[in-house]
Amino acid sequence: MVTKTHTKCIISPSFLFFLLTGLLVLLTGESRPPFACDPNNRVTSNLPFCQVNLPIKTRVRDLLGRLALQEKVRLLVNNAAAVPRLGIQGYEWWSEALHGVSDVGPGTKFLPTFLGATQFPQVITTASSFNDTLWEEIGQVVSNEARAMYNGGKAGLTFWSPNVNIFRDPRWGRGQETPGEDPALAARYAVRYVRGLQGNVGDRLKVAACCKHYTAYDLDNWNGVDRFHFNAKVSRQDLEDTYNVPFKACVLEGKVASVMCSYNQVNGKPTCADSNLLKNTIRGAWRLNGYIVSDCDSVGVMYTSQHYTATPEDAAAQSIKAGLDLDCGPHLAVYTEGAIKQGKLKEVDVDGALANTIAVQMRLGMFDGPRQPYANLKISDVCLGSSNQLALEAARQGIVLLDNRGHGPPLSTIRHRTVAVIGPNSDVTVTMIGNYAGIACGYTTPLQGIARYVKTIHQAGCSDVSCRGNQLIGPAEAAARQADATMLVMGLDQSIEAEARDRANILLPGHQQELISRVAKSSRGPCVLVIMSGGPVDITFAKRDPRITAIIWAGYPGQSGGTAIADILFGTTNPGGRLPMTWYPQEYLAKVPMTNMGMRADPAHNYPGRTYRFYKGPVVYPFGHGLSYTTFQHSIAQAPTALSVPMLSIHLENNNSTTLTNGVRVSHTKCSTLSTGLHIDVENTGTMDGTHTVMVFSSPPEGKWATHKQLVAFQKVHVAAGGLQRVALDLHVCKHLSVVDQFGIRRVPMGEHTLHIGDLKHSLAIKPTIEEIKY
């Protein structure tokens, strides 16, 4: 039977109540009372820590001097206790905003005041846009809604997002939360999303972001090994050129207000008790202006699960002395005072930790009394039409066209008047927003999106994504035979991949492959396969099936995902997304235990390496892959052919030939002056307007250094059909053309570097120039 599905509005009818509630809040004047420094409290309002005209360091020092030890230790945990005698309320530090304000953490509650917030596509999908302007715009909307919810008394101001770990292994259940497998991409995402969240107006903060989980964290629960017990054995080389890259950028360029250390150990030490990782690197070398927080219960875990310390007091002492400022969990509140009494810790160490957390609260305006920054943001600023439109645009930009064999999309509303919409993800809502999400403003499912264009016939084909039976495949085949075109919406959800849930394989679950093949065979017209997932899936069978005319990866496309999928299917939107991770064949997994953290190939042990940077074997789809309904051509308009790297003669290593062989240490040259421009012309040679991502890779000189290429620059550009746009990209020699040696030292190799732009190659010679010391 042919049915026309009526669609839900993006703003659901329940928001009539939402708007009425907001009106009630405005009429009654209800607002959050001051966290501290209430002018009505004559005892505290005139104390120095409440004086906004004083430097924050002075205010922090004054407050610490007034706190008793028992009060201090209760401020070392996420549910920090109130200090009534000083007019300070309790505070919950744990809130989440991975891709929209979330209620995963206890610091945020939606109902009854707020019925939802804009839920953008999952990060892996947004990263596929390769559009850093979009990432910052999303951060700005999320922080507007976060501040509005704080002003309404329903959220905190410290949001433990984004997750910038490297998506190293395709089985990782949390890979969906990350920007993908490439460190340069993850670093750029981290910087722009953090800037959007924090505002970065002077030293003040709109909200405080947090880059997590530091470091080398990308295993949750695999083959009997869990994140609480895992010791990640990582070389200094991999730590420097892969795992730490996004965190370094987050602190140095994004000016993030917080970094979260992870559950796992790195080379035998829990990250939250490793002074080299925390105090020496984050706080020392990178000069974090903010606080370091543990993943939840990490401090307790190092005593109870890892047995790293002999006593719980040792765990408290070692983590604080290593540089930890805040414990997500109760451990520091319970055992810190005992650690001090046992002589394992000093009160001054606690003061140092609290100085960092309180300073962030002051930068947020929490000690400014009622004179709150962003006090104008309120319930009417949540779920704005413009915010919902941005969520839709993010989905459109992130969806990737993997294959298109012709006679498929874009579909025609004239030739394809009836579409069979089939699959366990064809009419889902919460699946589209992935994990670490909140309550959406409203949803448009894939079925509803298609129904806006044409008539639909709907069959689930499976009762859920696990697809344990094939009883529903017959009705799905019948639907495909009746329709002018068929869209299969398959894939995964949080029951298959999630936090604490790594996959055993990367195949489609259950009978999904059977459903796809049988429906494709039965389809009267074009058959389009849409995969909804966070991680990659081996769909080699579908690539080889000539009856499947197109394959689309939608990721987890957010609250408006159904509209975006339909817009791409019918050509209202020209797809331009690119894969931020490699899609491997299932056979790859047998050679790479999740517990092996090595990035580089080791042929002697039949280890093939990881990610496009080091793995050179067969793939289903490569990193950066993505098609369009039009065609583009590149040409190099302007590019340098040679660059000189100045270095002092004192830094020559034995002789010039050694320097040429080893490369110049970035610490031995003037990195700030070593940048150059690269201009690329992009021509749209097709008949449809479209967006194109210019991606520049570099590979170092052959010989000592591996010849693998790595992403160094990218930019998204819109080009009209038949038009041409020039893209200007910046290349920084120390950042983009450097490599890391086996000792973890970053160097710029001398010789012929090669830049790769699509099918183009461009040689760039780098040579040292010696400068004498001037006395």
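Student: Is A500 buried, partly exposed or exposed?
Tutor: A500 counts as partly exposed, at 42% relative accessibility. Buried means under 20% relative accessible area, exposed means over 50%, and partly exposed is in between (1.4 Å probe, protein chains only). Keep in mind that this is a predicted model: local features need pLDDT of at least 70, side-chain atom pairs count only at pLDDT 80 or more, and totals for chains, interfaces and linings use all residues. Residues are numbered from 1 along each chain as its sequence is written, and side-chain values use heavy atoms, with hydrogens and water left out.
Student: OK, what's the phi of A500?
Tutor: Its phi is positive, about 70 degrees, although A500 is not a glycine.
Student: And where does A500 sit?
Tutor: In the loop between β14 (485–491) and α17 (512–522). Helices (H or I, at least four residues) and strands (E, at least two) are DSSP runs, numbered from the N terminus.
Student: What about C383, what's its phi?
Tutor: Near 60 degrees, which is a positive value in a residue other than glycine. C383 lies in the loop between α13 (347–363) and α14 (385–398).
Student: Buried or exposed, that C383?
Tutor: C383 counts as buried, at 8% relative accessibility.
Student: New topic: is the peptide bond from S161 to P162 cis or trans?
Tutor: That bond is cis, with omega near 10 degrees. P162 is in the loop between α5 (132–151) and α6 (183–198).
Student: And what's omega for P409 to P410?
Tutor: Near 0 degrees, and that peptide bond is cis. You'll find P410 in the loop between β11 (400–404) and β12 (418–422).
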